[in-house]
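Dear colleague,

Please find the structure below. The notes that follow it describe what was found, and I would be grateful if you read them with the structure open.

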Amino acid sequence: MAYGAETSVMNLAQQLQRRIAPQKKLAAKGVHRPGDPLRWQADTKKLRSLLSGWSPRELSIGLDQCIEQWQKSASRS
């Protein structure tokens, strides 16, 4: 998933939590460890050059599609 907008790791975790396990509590220690990213942002220029017609989608759309594929894959197992 890449859409070129910066996303905090906490925001990503919260979005996943809401979609996968809303009943679970999301906990974070709030301590930054050296080397851990605070935010993620994909550079989509290479994808655009490699994949004709590709355009980024909002993170929420990509997460929904990714989760749908995980669920399909898990149901086949």
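On a 1 Å grid over the protein atoms alone, a pocket is an open set of points where a 1.4 Å probe fits, with protein on both sides within 12 Å along at least five of seven lines, and its lining residues have an atom within 4 Å of a point. Grid points are joined across faces, edges and corners, and a volume is the space filled by probe spheres set on the points. The model is predicted: local features need pLDDT of at least 70, side-chain atom pairs count only at pLDDT 80 or more, and totals for chains, interfaces and linings use all residues. Residues are numbered from 1 along each chain as its sequence is written, and side-chain values use heavy atoms, with hydrogens and water left out.

The largest pocket has a volume of about 440 Å³. Its lining consists of 16 residues, and Val-9, Ala-28, Gly-30, Val-31 and Asp-36 are those nearest the centre. By class, 10 are nonpolar (Ala, Val, Leu, Ile, Met, Phe, Trp, Tyr, Cys and Pro), three are charged (Asp, Glu, Lys and Arg) and three are polar (the others, Gly among them). Helix α1 gives the most to this lining, with three residues.

Helices (H or I, at least four residues) and strands (E, at least two) are DSSP runs, numbered from the N terminus. Beyond its neighbours within four places in sequence, Gln-15 is in contact (heavy atoms within 4.5 Å) with Leu-59, Ser-60 and Leu-63.

Within α3, Leu-59, Gly-62, Leu-63 and Ile-67 are buried. They cover an arc (of the directions from the helix axis to the C-beta atoms) of only 130 degrees, so they lie on the same side of α3. These buried residues pack against β1 (7-8) and α1 (9-20). The face turned away from the buried side carries the exposed residues Gln-71, Ser-75 and Arg-76.

Yours sincerely

Notes
Buried < 20%, exposed > 50% of the residue type's maximum accessible area, 1.4 Å probe, protein only.
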